[in-house]
Amino acid sequence: MYTLKIQKLRNQVARVDNTLEKVNLLTQAIRIADENQDIEWGYDLRLDLISEEIDLAFSTESLPAFAWILQAYDENPELFNEQDFLWQYKWMMSELYDNPAVSREQIEAALRDFEQRLIRNGYGKRAIYNEELSDALAQKDIVAIERALKNVNAMQRDDMSDCEACEMDAEVSATLLQDGYSQAVDKALPLIEGQFTCSHVPLRTAVNLAYEGLKQGDTEQADRMAQLAEKEVFKKEKDSAILISAIKLATYFSYTDMGKAKEWIERFLPWADGPDNRSMFQLACYICEAMRNFGPDESFKLELGNQHNLFQGKNTYTASELANHYGKLADQLADRFDQRNGNHNFRNQLMSL
């Protein structure tokens, strides 16, 4: 029976620790369900896959899996509960924003669809505004940030809102851009003291404050934040979703501790094997900045898979090679995102490095 094969694969998922292996096992199980036209197994397994892949630095299977879920529900509403996948819809909105090949028109259409599903299930629009704020922060668009933050705060929290720690972290990031470093430090205090936490907060907050504190000359506070961030990274050593925070922290170390910066780049850069998206743009910018602090002939030992965009059939790369590769990548992505968004926000970020 094919259902026994599916259950066996699902049991394997529960026993392994490696998230990528879990995703691969679930993909196999989905294939079996689809071959046997079992829509209910296909639905449950895809929800499992999306929940697992969120813990990877880059997702490749979730968006097509979610599109399948939406179609399955819309064609068979009597079989499924729409509330089962509304939280996953939030994650998929981020995936759409992340992908430069997705047009603004497609994003707006998805937002409208998400909004309709939220409202008919008794939720407000705060989750929508959370996503718009996240996009505005990624673009560092002050006007869009102010508008989205105002919209978020005008709506009451509900079960589809981002967690309080994530919302507070977004406000800290907004304050850094709008009001400056010192006010952001004050706003971040509840996160730094651990009053509010989630899977990637206070790591993300501490890294941002360490990086910006260094730029503002507050080296003592920056060092404290870097130490906190380092502790948070060690708590999540197997969670590749920390990749951008880890690389940004490595960039911080490139100003304060070259040996540690090199160690962290060699350790975490091999994780950057995903598609071209907003995270890859951020990573490329940080690597370019860090490489300016190394001599051009400084070598980095990198164990890369052949799917990695840097892979050149060797395991040693110079600082100049890294700067050249990631400089070109950041340049290309800035053009693609700005063309999609109809502005120069990504190009401006690149020019400010």
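In this predicted model, helix H16 is followed by Gly 342, a residue whose phi is positive, near 70 degrees. Helix H16 itself covers residues 319–341. Its 23 residues, at 1.5 Å a residue, should span 33 Å, and the end C-alpha atoms lie 32 Å apart, which agrees. Buried residues of H16 include Leu 322, His 325, Tyr 326, Leu 329, Phe 337 and Arg 340.

Two of these residues, Leu 322 and Tyr 326, also belong to the largest nonpolar core, which has 64 residues. Together with Leu 269 and Leu 283, they touch the most other members of that core. Helix H15, residues 278–291, gives the most to this core, with 10 residues. Leaving aside residues up to four places away in sequence, Leu 283 touches Leu 243, Ile 244, Ile 247, Leu 269, Ala 272 and Tyr 326. In soluble globular proteins, nonpolar side chains tend to be buried together.

| Core | Number of residues | Residues among its members |
|---|---|---|
| Largest nonpolar core | 64 residues | Leu 269, Leu 283, Leu 322, Tyr 326 |

Another site is His 200, placed in the loop between helix H10 (181–192) and helix H11 (203–215). His 200 counts as buried because its relative accessibility is 16%, under the 20% cut-off. Its side chain makes a polar contact of 3.4 Å with the side chain of Ser 199. Not counting residues up to four places away in sequence, His 200 touches Lys 236, Asp 239, Ala 241 and Ile 242.

Notes
Residues numbered from 1 in each chain as written. Predicted model: local features only at pLDDT ≥ 70, side-chain atom pairs only at ≥ 80, totals over all residues. Heavy atoms only, no water. Helix = DSSP H or I, 4+ residues; strand = E, 2+ residues; numbered from the N terminus. Buried < 20%, exposed > 50% of the residue type's maximum accessible area, 1.4 Å probe, protein only. Polar contact = N/O pair within 3.5 Å; in protein donor to acceptor, adjacent residues only side chain to side chain. Contact = heavy atoms within 4.5 Å. Core = buried A, V, L, I, M, F, W, Y, C linked by side-chain atoms within 4.5 Å. Expected span 1.5 Å × (residues − 1).
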